[in-house]
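Dear colleague,

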Amino acid sequence: MTPEQVLQSHLEEIQEALSSQDLKRRFKCFLNEMKRLKFVTQGNQQRSLNQLIDASQELIQVIRDEKSRIEIEERLKGLEAGLVASVLPIDYEKSKQKLRKLGTYSAIDKALPKLAHKSFKKEFPPELNFEKFKEVISRRFAEISLGKVEAIEGLFKKLLGSEQDSSFPVESTQKVFEKVYGRFNDYLRLKTISEYCHPELPGISFELSVTVKSIYPDFRDNGFIRLDQKFEIDPSGLPGSKRYCSDGVVVFGRVDDEEDLVDIPLPPKDDINSYLHAIMYLRNESVLIQDTSERGKVGIKLLPEDSLELQAGMLVMFSTCMVVEVQKIDSQEDNSIYLRFLSEPHKDQVKKFKPSEQQSFKVGCGGGGHAPDLFITKNGTGVSRLHAYINYLPESSTWELKDAGSSNGTFFLLKSLEQFTSGEPSEPFPIYSREPEAVLNGIPLDRPRILSFGDYSFDLTPHT
């Protein structure tokens, strides 16, 4: 077994063996924070890994020996110290000492920001301005793959309550460290925005409305968003939102108990939604959407007049749940197209369509005189009897997808197959553009669009 596999095996055994609900919660938080390790770019990673393996083995042993809760908690603190030593410039023994000095705390996500702040604030002068602060944290945050601080400096200024030239006390920087080293979900939001946002690019000169068109029924009365609620977006973002910092970015995301680091909140208890579900970028006279969700069902709805040009590797979705991969287009032979289901109950079924047999194929659940070529069961899918057409165009030797007036829509998904299976973010795709004759795989980008998250959808309407 590799060291990573050994550590994973130890952590699984600990998770199974802990009996105290309090320690279970604390260990669950530790597991969530362990995800930070994949983003650490500096330091002796093998040594850190060995420390975590040794600490986990010690914890397993005291649990097996049925030692007291105090001894188990002490070994758990040693495991947490190993994580601290991996993501901060503090060695393992000092990490344990510093954790003890912090006294009683509920979980590592409460201790980590305090330790990070204590470690880094010695590099700050007693009174500092934002430029000096950015100089220090840019160097430090690069060590945890939060490199392009310029992309999120607006949010940091908001947290600090600072303007460009005004000074502020060192202690106020604690708020920034709470976002970066506190909840892992907050860090992941910041990392993704900083990685993909390009503040140096020109923005947009128009405004647009984002209107809530559908919400999963169980979460319609949660108090966060409601049907037909309208969000008015201007070139700077969404004024008045909790995250708003005039950066030309709008963030959709699940929230637990407050609208934190999010512009448009998704219901807190709906685990179908991700904490960072999608990002809207207002750049180059265009509105771009990036799928940052774990489920990978962020898509652009096809309008009745749309013809989506199908390409190998593309993902499409029928209704709100049936994801299909364009597995292959055999351009070397007869231009046959191969479609593979990624969703149950048809998962991994492959359907081949040959243009030599016919040039228009029906998608749907059938009935009412319709006999689909690509059958999708109706039960639980919301697929219409005649849902869509897959057409072959002999003049261009290409395939296109057209919605057939379905009840729940046909969608172009933003993620590739690899991104869909791994949970990695998609590339940003334009959903609207003022560039002349702008298209996305045959879809014109000069008109209002519907953005879908599966069970949630939003109408995007630019103002003329």
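Phe252 is buried, with a relative accessible area of 0%, and Phe453 also counts as buried, at 3%; buried here means under 20% relative accessible area (exposed is over 50%, partly exposed in between; 1.4 Å probe, protein chains only). Please note that this is a predicted model, in which local features need pLDDT of at least 70, side-chain atom pairs count only at pLDDT 80 or more, and totals for chains, interfaces and linings use all residues. Residues are numbered from 1 along each chain as its sequence is written, and side-chain values use heavy atoms, with hydrogens and water left out.

A search of the whole structure gives 22 aromatic pairs. Rings of Phe, Tyr and Trp (its six-membered ring) pair if their centres lie within 6.5 Å; planes under 30 degrees apart count as stacked, over 60 as edge-to-face and the rest as tilted.

One of the pairs is Phe133 with Phe168, edge-to-face at 6.2 Å centre to centre and 75° between the planes. This pair links distant parts of the chain, 35 residues apart: Phe133 belongs to helix α7 (residues 130-141) and Phe168 to strand β2 (residues 167-169). Helices (H or I, at least four residues) and strands (E, at least two) are DSSP runs, numbered from the N terminus. Both Phe133 and Phe168 are buried.

Phe252 and Phe453 also form an edge-to-face pair, with 5.4 Å centre to centre and 90° between the planes.

Yours sincerely
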